[in-house]
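Here's a quick briefing for anyone meeting this structure for the first time. Have a look at the sequence and the model, then read on.

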Amino acid sequence: MKRRTLLNRLPWLVAPGAFALRAQAESQPERAALPALTRVIASSGETIPVVGLGSWITFNVGNDRAARTQCAEVMRAFFGAGGRLIDSSPMYGSSQGVIGDGLQSLAGRPPVFSADKVWTSSAGAPQIETSRQLWRVPQFDLLQVHNLLAWEQQLPLLQAMKADGRLRHVGITTSEGRRHREVEQIMRSQRIDFVQLSYNLLDREAEERLLPLAQERGIAVLVNRPFRQGDLLRPLQRQPLPGWAGEIDCSTWAQVALKFAISHPAVTCAIPATSSIAHVRENLAAARGRMPDAALRKRMAGHVAAL
Amino acid sequence: MSDWWTYRLGDFLMFSPATYARLVEQYQRDVWPAQLIGLAAGLASLWLARSRHAHALRLQALLLASAFLWVAWAFHWQRYASINWAATYLALAFAVQAALLLSLVLAGRSETPAERKWTLRTGCVLALAGVVAFPLAGLLMGRSWSQIAVFGVSPEPTALTGIGLLLARPGWFGRSWHGALLVIPVLSLVIGAATRLALADS
């Protein structure tokens with residue numbers, strides 16, 4: 001085992017921008033018994049697991065009963081493996097209603113951290129209320145301005161909801177590296193709790209300015225497209241796992257990609273989307289075990305870029 | 001969307017190929033035996049295209065309007081919109097097309113067409129493709145009768161047949177209306193083709 005993969009010998013550690021690293025390599029069952037690595041949302045002090053669940057495409061299954069049941073089972077597996085944050089948007093077709101049905105079907109009260117978006121250039125409040133009814137939650141934990149659409153109008157609305165106690169966190173989103181300059185301006189000028197952006201082994205532009213800025217200003221970061229919607233993994237899966245994957249307890253390329261994203265100290269939670277129970281478990285397993293340090297992260301990105 | 005040029009075709013696809021395939025399959029199962037009625041209506045439209053009588057023209061327009069209206073309601077509005085919010089606009093567009101055809105029929109605007117050879121031939125080929133080639137291709141690919149795309153049931157053969165019949169009758173509703181009636185079916189075919197490309201690429 002190389003020293004650079006070890007930051008400390010604590011079983012797990014919860015702190016803003018800190019890693020929870022295992023000192024010893026554990027077998028898979030032993031790792032599964034460990035709690036998922038969590039990160040603190042700086043503005044509220046709440047902790048959430050570093051791996052969440054996205055719903056773009058995968059949960060947009062319309063009125064297909066079998067597919068809706070499958071999505072509910074994915075959610076059951078997600079919560080069962082220690083997950084909390086689920087992200088959606090009014091733009092995602094039937095996803096919000098599918099999530100609402102899934103939450104309703106689970107026994108007890110699932111510990112969901114509900115993250116949704118406002119996506120309209122007109123009145124945001126009615127859309128948010130429709131989304132809340134579809135989710136069937138009393139209120140959202142996080143609402144984000146989707147792709148900065150009409151953020152000048154929607155951000156004050158979200159801030160007012162938060163001030164009234166009808167919302168816990170406020171954020172903005174972008175994806176695939178779009179409008180980073182504007183995102184940076186908003187991060188500097190507005191009071192936001194979260195920023196959501198794309199970050200993965202190949203799309204690393206956020207490392208330059210946005211991720212350091214988020215750390216500096218105490219803004220939590222949600223990472224979308226950690227697998228580039230599958231495009232990142234498809235060619236990788238034809239390659240053997242490198243030796244260093246074992247050093248960070250990864251048994252699949254998906255876990256390598258996820259560990260790369262969530263091990264950045266500024267990242268609060270990555271939200272891979274899936275409709276597979278096996279994949280959601282595999283994703284949550286990436287929140288456990290040893291994490292790469294800065295040197296190994298650099299090596300990981302270099303290795304994948306060279307393939 | 002100020003950064004529209006940064007988007008790829010696949011970025012607009014908000015459902016998986018499997019979800020779309022299941023939706024179409026379920027729709028076709030739900031509406032069976034509407035496929036047989038659609039096929040009969042399509043063949044009747046082709047047969048009516050041979051006639052220049054005003055009543056035949058109106059009946060043909062009525063069949064076409066019914067096909068667009070059914071697809072608007074049963075497919076776009078009731079099914080496709082559940083996975084694609086843009087399908088609401090497609091439903092609206094197909095309903096507008098049906099309303100335009102119906103209003104012109106009711107207003108008695110149909111008239112004996114002034115035929116031009118190239119539009120007549122192109123129109124006949126496209127209408128035949130919509131009514132005959134679409135379902136035939138499905139059957140040749142091993143699909144059952146309930147799973148084939150048919151005029152009056154599926155959007156693409158309906159739009160293609162509509163374009164063909166309109167081209168085959170350039171003077172159908174007067175030249176001022178002719179171009180306008182082509183807009184919606186042509187656009188829907190372009191959108192349908194883009195969706196297929198994105199699905200194949202995903």
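Is Ala93(B) buried, partly exposed or exposed? Ala93(B) has a relative accessible area of 22%, so it counts as partly exposed, since the buried class stops at under 20%. Keep in mind that this is a predicted model.

**Chain B as a whole**

- Chain B is built from helices: there are seven of them, and zero strands.
- Read from the N terminus, its elements go α-α-α-α-α-α-α.
- The radius of gyration of chain B is 17 Å, close to the 17 Å that the globule rule gives for 202 residues, so chain B is as compact as a globular protein of that length.
- If you box up its C-alpha atoms along the principal axes, you get roughly 50 × 45 × 30 Å.
- Of the 202 residues in chain B, 48% are buried.
- Take the contacts in chain B between residues at least 6 apart in sequence: 78% of them join residues at least 24 apart.

**Surface and charge of chain B**

- Chain B shows about 9,900 Å² of accessible surface, and carbon and sulfur atoms own 70% of that.
- Its side chains include 15 positive and 8 negative ones.
- The centres of those two sets of charges sit 13 Å apart.

**Spots to look at in chain B**

- Back to Ala93(B): you'll find this residue in helix α4 of chain B.
- Ala93(B) and Leu197(B) are 104 residues apart along the chain, and 22 Å separates their C-alpha atoms.
- Trp32(B) and Pro33(B) are joined by a cis peptide bond, with omega at about 15 degrees.
- Pro33(B) itself belongs to the loop between α1 (17-31) and α2 (34-48) of chain B.
- Arg79(B) is in another part of the chain, in the loop between α3 (54-77) and α4 (87-106).
- With a relative accessible area of 18%, Arg79(B) is buried, as that value falls under the 20% cut-off.
- What does Arg79(B) touch, leaving aside its neighbours within four places in sequence? Its contacts are Leu23(B), Tyr27(B), Asp30(B) and Ala74(B).
- Gly38(B) is 41 residues along the chain from Arg79(B), and the C-alpha atoms of the two are separated by 18 Å.

**Chain A as a whole**

- Chain A has twelve helices and nine strands.
- It runs to 307 residues, 58% of which count as buried.
- For contacts in chain A between residues at least 6 apart in sequence, the share joining residues at least 24 apart is 74%.
- The accessible surface of chain A comes to about 12,300 Å², with 51% of it belonging to carbon and sulfur atoms.

**Spots to look at in chain A**

- Glu176(A) has a phi near 55 degrees, which is a positive value in a residue other than glycine.
- You'll find Glu176(A) in the loop between β6 (167-173) and α6 (180-189) of chain A.
- Its relative accessibility is 30%, so Glu176(A) counts as partly exposed.
- Arg179(A) is not a glycine either, yet its phi is positive at about 55 degrees.
- Arg179(A) also sits in the loop between β6 and α6 of chain A.
- At 26% relative accessibility, Arg179(A) is classed as partly exposed.
- Pro265(A) is in the loop between α10 (253-262) and β9 (269-270) of chain A.
- Pro265(A) counts as partly exposed, at 26% relative accessibility.
- Along the chain, Pro265(A) and Gln215(A) are 50 residues apart, while their C-alpha atoms are separated by 8.0 Å.

**Where the two chains meet**

- How many residues of chain A are in contact with chain B? There are 19 of them, touching 16 residues of chain B.
- The size of an interface is often given as the accessible area lost when the parts come together.
- Between chain A and chain B, that buried area is about 1,300 Å², and carbon and sulfur atoms give 44% of it.
- On the chain A side, Ile57(A), Asn60(A) and Arg178(A) lose the most area to chain B, and together they account for 37% of what that side buries.

Conventions: Residues are numbered from 1 along each chain as its sequence is written. Chains are lettered from A and ligands numbered from 1 in the order in which they are written. This is a predicted model: local features need pLDDT of at least 70, side-chain atom pairs count only at pLDDT 80 or more; totals for chains, interfaces and linings use all residues. Side-chain values use heavy atoms; hydrogens and water are left out. Helices (H or I, at least four residues) and strands (E, at least two) are DSSP runs, numbered from the N terminus. The radius of gyration is taken over C-alpha atoms; the globule rule is 2.2 Å times the number of residues to the power 0.38. Buried means under 20% relative accessible area, exposed over 50%, partly exposed in between (1.4 Å probe, protein chains only). Contact means heavy atoms within 4.5 Å. Accessible areas come from the Shrake-Rupley method with a 1.4 Å probe; for residues, only the protein chains shown count as cover. Lys and Arg count as positive and Asp and Glu as negative; His and the chain ends are not counted. The place of a charge is taken as NZ of Lys, CZ of Arg, CG of Asp or CD of Glu. Buried area is the accessible area (1.4 Å probe) that two parts lose on being put together, summed over both.
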